[in-house]
Amino acid sequence: MNADFDHAVEVDSVDTEYRYIAKQRCGCGGALGHHGQGLFQKRGKSYDVLHTVCKACGEERDFTFDISSFYCNSIFDWNGRFG
Ligand SMILES: [Zn+2]
């Protein structure tokens, strides 16, 4: 995966990530299919990297999202419940 943390797109939910991807088009005009993801912790922030493949030409492209705003909150809730 080619995570681009410096240009991560700030999102407030996983839904927003998928809506963002749905609006993107490959250079050939094809729609992008979602083919995996990875979670990264860097510089105190949380990132979700979505790997996409063009449904038309097969070109691969990765999108990096900054999910700190809601990912940290869900961890906090988890600890509060079971800690
Ligand atoms: Zn394409």
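User: In this predicted model, is Asp-66 buried or exposed?
Analyst: The relative accessibility of Asp-66 is 6%. The cut-off for a buried residue is under 20% relative accessible area. Asp-66 therefore counts as buried.

User: Which residue forms a salt bridge with Asp-66?
Analyst: A salt bridge needs a side-chain nitrogen of Lys or Arg within 4 Å of a carboxyl oxygen of Asp or Glu. Asp-66 sits in strand β4 (residues 60-66), and its partner, 21 residues apart from it, is in strand β3. The closest N and O atoms of the pair are 3.1 Å apart. The partner of Asp-66 is Lys-45.

User: How does Lys-45 count by relative accessibility: buried, partly exposed or exposed?
Analyst: Lys-45 has a relative accessibility of 34%. Buried is under 20% and exposed is over 50%, with partly exposed in between. Lys-45 therefore counts as partly exposed.

User: How many salt bridges does the count come to?
Analyst: One of them joins Lys-45 and Asp-66. Another is formed by the side chains of Asp-6 and Arg-43, at 3.5 Å from N to O. Asp-6 lies in the segment before β1 (9-10) and Arg-43 in the loop between β2 and β3, 37 residues apart. The count of salt bridges comes to 2.

User: Which residues coordinate the zinc ion?
Analyst: Each donor is an SG atom, at 2.2 to 2.4 Å. In sequence the donor residues follow the spacing C-x1-C-x25-C-x2-C. The zinc ion is coordinated by Cys-26, Cys-28, Cys-54 and Cys-57.

User: What is the arrangement of the 4 donor atoms around the zinc ion?
Analyst: The donor atoms subtend angles of 103 to 118 degrees. Four donors count as tetrahedral if all angles lie between 85 and 135 degrees. The arrangement is therefore tetrahedral.

User: How many residues apart in sequence are the parts that Cys-26 and Cys-54 tie together?
Analyst: Cys-26 is in the loop between α1 (14-23) and β2 (32-42), while Cys-54 belongs to strand β3 (residues 45-54). Cys-26 is buried at a relative accessible area of 10%, and Cys-54 is buried at 3%. The parts tied together by this pair are 28 residues apart.

User: What pattern does the protein chain follow along the sequence?
Analyst: The protein chain has 2 helices and 4 strands. Of its 83 residues, 31% are buried. Read along the sequence, the pattern is β-α-β-β-β-α.

Methods. Residues numbered from 1 in each chain as written. Predicted model: local features only at pLDDT ≥ 70, side-chain atom pairs only at ≥ 80, totals over all residues. Heavy atoms only, no water. Donors = N, O, S within 2.8 Å, 3.2 Å for Na, K, Ca; no water. Tetrahedral: all angles 85-135°; square planar, octahedral: opposite > 155°, others 65-115°. Buried < 20%, exposed > 50% of the residue type's maximum accessible area, 1.4 Å probe, protein only.
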